[in-house]
Amino acid sequence: MVIVVMGVAGCGKSHVGKALADAMDWDFQDGDDLHPAANIEKMRAGEPLDDADRGPWLDRVADWIRRHHLDGRDGIVACSALTRRYRDRLREADDGLRFVFLDVPTQVLRRRLERRQHFMPARLLESQLQTLERPGALESGLTVAGDPPLADVVEAVQSWLLRIGRH
């Protein structure tokens, strides 16, 4: 099984994804590390990415998912997956793909982004919030509050995996 930990910048995708992967002894990939250099420079300059920018990045994320699926390896990837279209694109790599959406209040996101050192500046949060299409009820996933203590978030995801028969 592969799980995408998703959400806007500052929601804790990398932090939660890594902790979850460590707890379950699964592989972890930070989607930020798969961005082409041009995307990183664009974000550093304060310019939001568009669909054309995200395409090659989503292909790299999908390749990672596909390799894990074909090799029968469990994994977790942190990826914003902001729109249904992007999530559908990732599902093409693995039709059993699951999503964990980290839902964090906007004021918490802003505070987190202002404190961190990252190529994604806090001023781009609005563009991500405008692009975000929350996962629908028919999508294979879980929405979890991303602002409780990390251990609580990891426990919520593990409980969900037990309920769906996968842990």
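Tutor: Axes here are lines fitted to C-alpha atoms, for helices over the stretch in contact, and angles run from 0 to 180 degrees between N-to-C directions. Keep in mind that this is a predicted model.

Student: Which residue of E5 is the bridge partner of Phe 99?

Tutor: Phe 99 belongs to the pairing of E4 with E5, where the strands run parallel and five bridges join them. On the E5 side, the partner of Phe 99 is Gly 141.

Student: And which residues stand opposite Gly 75 in E3?

Tutor: E3 has partners to look at on two strands. E1 and E3 pair in the parallel sense over four bridges, and four bridges join E2 to E3, also running parallel. Opposite Gly 75 you find Val 2 and Asp 27.

Student: Side chains on E3 and E5, then. Which residues of E5 make up the uncovered face?

Tutor: In a regular strand the side chains alternate between the two faces of the sheet. In E3, Gly 75 and Val 77 point one way and Ile 76 and Ala 78 the other, and all are buried. E5 is two-sided in cover: Leu 142 and Val 144 form the covered face. The uncovered one is Gly 141, Thr 143 and Ala 145.

Student: Back to helices. How do H1 and H7 lie to each other?

Tutor: H7 covers residues 150-163, and its axis is 10 Å from that of H1. Residues that meet include His 15, Val 16 and Ala 19 in H1, and Leu 150, Val 153 and Val 154 in H7. The crossing is right-handed. The packing angle is about 60°, so the pair is oblique.

Student: H4 next. Where do its buried residues sit around the axis, and what covers them?

Tutor: In H4 (residues 84-91), Tyr 86, Arg 87, Leu 90 and Arg 91 are buried. Looking down the axis, they stay within an arc of 145°, so they line one face of the helix. The cover includes strand E1 (2-6), helix H3 (51-71) and strand E4 (98-103).

Student: Which helix do the buried residues of H5 pack against?

Tutor: The buried ones in H5 (residues 106-115) are Val 108, Leu 109 and Leu 113. Their arc around the axis is only 130°, which puts them on the same side of H5. The face turned away from that side carries the exposed residues Gln 107, Glu 114 and Arg 115. The buried residues themselves pack against H6.

Student: Last one: Asp 25 and Ala 81 each have a positive phi without being glycine. Is each buried or exposed?

Tutor: Asp 25, with phi of about 60°, is in the loop between H1 and E2. Ala 81, with phi of about 45°, is in the loop between E3 and H4. Buried means under 20% relative accessible area and exposed means over 50%. So Asp 25, at 71%, is exposed, and Ala 81, at 0%, is buried.

Notes
Residues are numbered from 1 along each chain as its sequence is written. This is a predicted model: local features need pLDDT of at least 70, side-chain atom pairs count only at pLDDT 80 or more; totals for chains, interfaces and linings use all residues. Side-chain values use heavy atoms; hydrogens and water are left out. Buried means under 20% relative accessible area, exposed over 50%, partly exposed in between (1.4 Å probe, protein chains only). The arc is that of the directions from the helix axis to the C-beta atoms. Contact means heavy atoms within 4.5 Å. Two strands pair if DSSP finds at least two bridges between them. Angles under 35 degrees count as roughly parallel, over 145 as roughly antiparallel, 65 to 115 as roughly perpendicular and the rest as oblique. A crossing is left-handed if the near helix is turned anticlockwise from the far one by less than a right angle, and right-handed if clockwise.
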